[in-house]
Amino acid sequence: EMSGVTGVDNLITRNSSADVSFTQVAEISNITLDTLTGAPDISVQFQDSVLSGSADSLNVTIINTPMVNFNINDVSGGFVDLEDLHLNVQNSTDTEVNVNSNLASSLERLYITGDHYIDIWDTFTNVSLIDASATTGGVEIEAADTDVTMLGGSGNDDISKSGYGSGSISAGAGNDYVHVATDNNTGTNVD
């Protein structure tokens, strides 16, 4: 419980298989998940006022962690008012990141970097940009029901767009798989 703690630059959990919860976090801090095993649940709960701005940005670094369940919430437990998430994966193996539904349905922009395959579980339904152009090992990402620009990197990417909305997909280099469900997409351009 961190309601009275300020001046924290980085929240770190390292060399563990245990679930960890940071609660009542009073300001935005960088988050580092380092050498975690067993697919732990890592939860960060911000005080409601922390994410009340119009340009809130969070940096998350994942190091040598093959699978993690990553949850961001606020105290009220509803819509997570986070605009930008920067996900930096520094692994020597493929990585699976499961994000909670509150984050996936509210995040506006997602930036991904990394040099091994990164599989982001859950479908983002509010984003205007998913930018994985700095990745080299490939990503698997999905968006739905939103006008979105999706950018792959130089690896073998798996990019999906479904539901309503328009936008563009540029998969970049590599042997990429791009799936666009055409039922309700209007003007999604694929490059």
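Thr13 sits in strand β1 of this predicted model. This residue is buried, with a relative accessible area of 7%; that counts as buried because the value is under the 20% cut-off.

**Around Thr13**
- Leaving aside residues up to four places away in sequence, Thr13 is in contact with Val20, Thr32, Leu33, Asp34, Leu36 and Ile42.
- Thr32, one of those contacts, also stands opposite Ile12.

**Strand β3 and its partners**
- Strand β3 covers residues 30–36 and is mostly covered, with five of its seven residues buried.
- Strand β1, made of residues 10–16, pairs with β3 in the parallel sense, and six bridges link the two.
- Strand β5, residues 57–63, also pairs with β3 in the parallel sense, here over four bridges.
- Within β3, Thr32 stands opposite Ile12, and Thr32 also stands opposite Thr61 in β5.
- As a handy reminder when you look at these strands, side chains in a regular strand alternate between the two faces of the sheet.

**The largest nonpolar core**
- The largest nonpolar core holds 45 residues, and the members that touch the most others are Phe70, Leu82, Ile112, Phe124 and Ile130.
- Phe124 touches Val99, Ala104, Leu107, Leu110, Ile130, Glu142, Ala143, Ala144 and Thr146, again not counting residues up to four places away in sequence.
- In soluble globular proteins, nonpolar side chains tend to be buried together.

How values were computed. Residues are numbered from 1 along each chain as its sequence is written. This is a predicted model: local features need pLDDT of at least 70, side-chain atom pairs count only at pLDDT 80 or more; totals for chains, interfaces and linings use all residues. Side-chain values use heavy atoms; hydrogens and water are left out. Buried means under 20% relative accessible area, exposed over 50%, partly exposed in between (1.4 Å probe, protein chains only). Two strands pair if DSSP finds at least two bridges between them. Contact means heavy atoms within 4.5 Å. A nonpolar core is a set of buried Ala, Val, Leu, Ile, Met, Phe, Trp, Tyr and Cys residues joined through side-chain atoms within 4.5 Å.
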